[in-house]
Amino acid sequence: MKKILISLFALFACSLTTYASSQEDWYEKNSKLGVNLNRSFKMAGGTDIVCFAKALSKYLPIDMSDRESATVDKANGYICYGGEGSGGYKVNYAVWKCSDGKRMYVVSYRISDWYAPKKMESRKQTGTHLRVVYNYGNGSSQDNFLTVWSGYQAYIYNPTTKMLEPIKFPVDKMKQPKKGAAESYFLNLPQRGKDIEVIMSIVNEDRDESFKLKWNGKNGFNCQ
């Protein structure tokens, strides 16, 4: 009996270690999204929105066969995927045809999990990619901390090389909140039409603000 208890304890300890390790791997992977998405990707099999999502799937995995969580609209060049668990996961994709005939693809994501590393950074940003750590408890337990990763990235498709080439998001400006500071921007990309709704979360306040980015008819957006 004693040997059985020792074996069960060892198995439980091993499971906890594996779980913590997987959380750390998940945390580090998401924390590098800004760097990993800001590079070129090969488009295989065509130029539709599904091929775009598959090109980024190493860093933003989605299950397009999950009809409860995924909206896949190839005709309108749009995909949205989301799920809730211990945290949350939402990513959407869209494509625009520019006036010069080029195709511009955009992805935006918001990922959250109740976990933070031992050395926490309350806010870290790389370009349009942001990581925020919130403390929802009075103690130092990792379970008290919600980490949110959010961001967006634009690409131009090069038909010669069949590569997605990262570009600076083409907007004249991004609106700031009336009060406080913006801690993250999530782009609700359009399934129909060409304009974008931006959801802007406000630092230290349990609220969001939104504004519109209107397609300029050429190759970018104007903030409304």
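Modeller: A residue is called buried under 20% relative accessible area and exposed over 50%, with partly exposed in between (1.4 Å probe, protein chains only). By these limits Lys162 is partly exposed, with a relative accessible area of 45%. This is a predicted model, in which local features need pLDDT of at least 70 and side-chain atom pairs count only at pLDDT 80 or more, while totals for chains, interfaces and linings use all residues. Residues are numbered from 1 along each chain as its sequence is written, and side-chain values use heavy atoms, with hydrogens and water left out.

Helices (H or I, at least four residues) and strands (E, at least two) are DSSP runs, numbered from the N terminus. Lys162 lies in the loop between β8 and β9 (163-167), and has a positive phi of about 60° although it is not a glycine.

Two strands pair if DSSP finds at least two bridges between them. β5 and β8 run antiparallel and are joined by ten bridges, with Ser108 standing opposite Tyr152 in β8. Ten bridges also join β5 to β4, again antiparallel; here Gly88 stands opposite Ser112 in β5. β4 and β5 form a hairpin with five residues between them, and Gly101 in that turn has a positive phi of about 90°. Nine of the eleven residues of β5 are buried, so that this strand is mostly covered.

In soluble globular proteins, nonpolar side chains tend to be buried together. The largest such core here holds 33 residues, of which Leu37, Phe52, Leu60, Val91, Tyr93 and Leu164 touch the most other members. Two or more residues come from each of α2 (33-37), α3 (49-55), β3 (78-84), β4 (88-97), β5 (103-113) and β8 (145-158). The element giving the most is α3, with six residues. Another core, of 22 residues, lies apart from this one; among its members are Cys98, Tyr152, Met200 and Phe221.

Contact means heavy atoms within 4.5 Å. Leaving aside its neighbours within four places in sequence, Phe52 is in contact with Met43, Tyr93, Ala94, Tyr105, Val106, Val107, Tyr155 and Leu164.

Notes
Core = buried A, V, L, I, M, F, W, Y, C linked by side-chain atoms within 4.5 Å.
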